[in-house]
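Here is a friendly walk through a two-chain model, written for reading beside the viewer. Please keep the structure open as you go.

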Amino acid sequence: MEGRASSDFNPAAMIERLQATMQDDVGPFRTRAGLERALGQLRALRAALPSLKPAAGKAYDTALADWLDLDTMTRVGECVAAAALARTESRGAHQRDDFPGMDPQWARNQAIALERGALRIEPRAVPA
Amino acid sequence: MSARATLVIRRGAPGEAPREQTWEVPFEPGQSVLDALRWIRAQHDATLAIRYSCTNANTCKECMVRIDGKTAYACTARLREGKMRIEPLPNKSLVRDLVTEIAPPDERLAS
């Protein structure tokens, strides 16, 4: 994100940038470098969000709606990218260019929990 | 080289004097009026109020506006060179800018 004063913060533009990040680095074909780059951008955006919240007041406040969407979009994006980074194999629509092929060790799910503001990922056995 | 449409958009909330704001929007043939409204929000003014959910699939039916005096879906109306006048629906109560109250009364949230 380039440095922007909150007065010219445009949440609609920020959503487009977030979507481009996810498209470029968290699509079906993934690498460690791309996923780490995406996580860096998602976390930087999340960190900046609280100071950029538009003041509420207008009817059908599209800027505030976009800001609220960004709050959840960055969180969901972080979950997707973090789980993809942890899964060091390729399987279905998750293709790691740096880990081609399925790994039988990875025949498992990953569970993500939010703990004190941070994500915790742990593998779990696939239910029988 | 892309073409340019000139969108003249009526803005304002109930109780305010309506005002017109004009934007030049570059476009490729085939792009929709909704594309232009979304471009204006991301490039210039995110506070422009428009209502849409599905983005150009014409399934949500929420983007109805008045385009050059005719009611149309912003997502199926095509951009063209020259001036296009975009206004809220005249027969629905205004919420703000291009957003009007289009839900049937028994489907509205209590206010």
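## Ground rules

Two residues are in contact if their C-beta atoms, placed from the backbone, lie within 7 Å. Helices (H or I, at least four residues) and strands (E, at least two) are DSSP runs, numbered from the N terminus.

This is a predicted model, in which local features need pLDDT of at least 70 and side-chain atom pairs count only at pLDDT 80 or more, while totals for chains, interfaces and linings use all residues. Residues are numbered from 1 along each chain as its sequence is written, and chains are lettered from A and ligands numbered from 1 in the order in which they are written.

## Chain A at a glance

Chain A holds 3 helices and 4 strands, and its elements follow the order α-β-α-α-β-β-β from the N terminus. The C-alpha trace of chain A spans about 55 × 25 × 25 Å along its principal axes. Of the contacts in chain A with a separation of 6 or more, 57% link residues 24 or more positions apart.

How confident is the predictor about chain A? The average pLDDT (the predictor's confidence in each residue, from 0 to 100) is 92 for chain A, and 94% of the residues score at least 70. Residues 1-6 of chain A fall below 50 in pLDDT, and this stretch has 6 contacts in the model beyond near neighbours in sequence. Where pLDDT is low, the predicted coordinates should not be read in detail.

## Helix H1 of chain A

Helix H1 of chain A covers residues 11-25. Its 15 residues should span 21 Å at 1.5 Å a residue, and its end C-alpha atoms are 21 Å apart, which agrees. The expected span is 1.5 Å times one less than the number of residues.

A residue is buried if 20 or more other C-beta atoms lie within 10 Å of its own, exposed if 12 or fewer, and partly exposed in between, with C-beta atoms placed from the backbone. Buried residues make up 23% of the 128 residues in chain A. Which residues of H1(A) are buried? They are A:Pro11, A:Ala12, A:Met14, A:Leu18, A:Thr21 and A:Asp25. Their cover includes helix H2 (32-48) and helix H3 (62-86) of chain A, together with H1 of chain B.

## Where the chains meet

The contact draws 11 residues from chain A and 10 residues from chain B. On the chain B side, helix H1 (33-43) and strand S6 (94-96) each supply at least two residues.

## The sheet of chain B

In chain B, 5 strands form an open sheet with mixed pairing, in the order S2-S1-S5-S3-S4. Two strands pair if DSSP finds at least two bridges between them. The edge strands, S2 (19-27) and S4 (70-73) of chain B, each pair on one side only.

Strand S1 (residues 3-11) of chain B runs antiparallel to S2(B), joined by 9 bridges, and B:Arg11 stands opposite B:Arg19 in S2(B). S1(B) also pairs with S5(B), in the parallel sense over 5 bridges; here B:Ala5 stands opposite B:Gly82.

## Two positive phi angles

A:Tyr60, in the loop between H2 and H3 of chain A, has a positive phi of about 45° although it is not a glycine. A:Tyr60 is partly exposed, with 18 other C-beta atoms within 10 Å.

B:Asp97 is not a glycine either, yet has a positive phi of about 50°. B:Asp97 sits in the loop between S6 and strand S7 (99-100) of chain B. Is B:Asp97 buried or exposed? With 28 C-beta neighbours inside 10 Å, B:Asp97 counts as buried.
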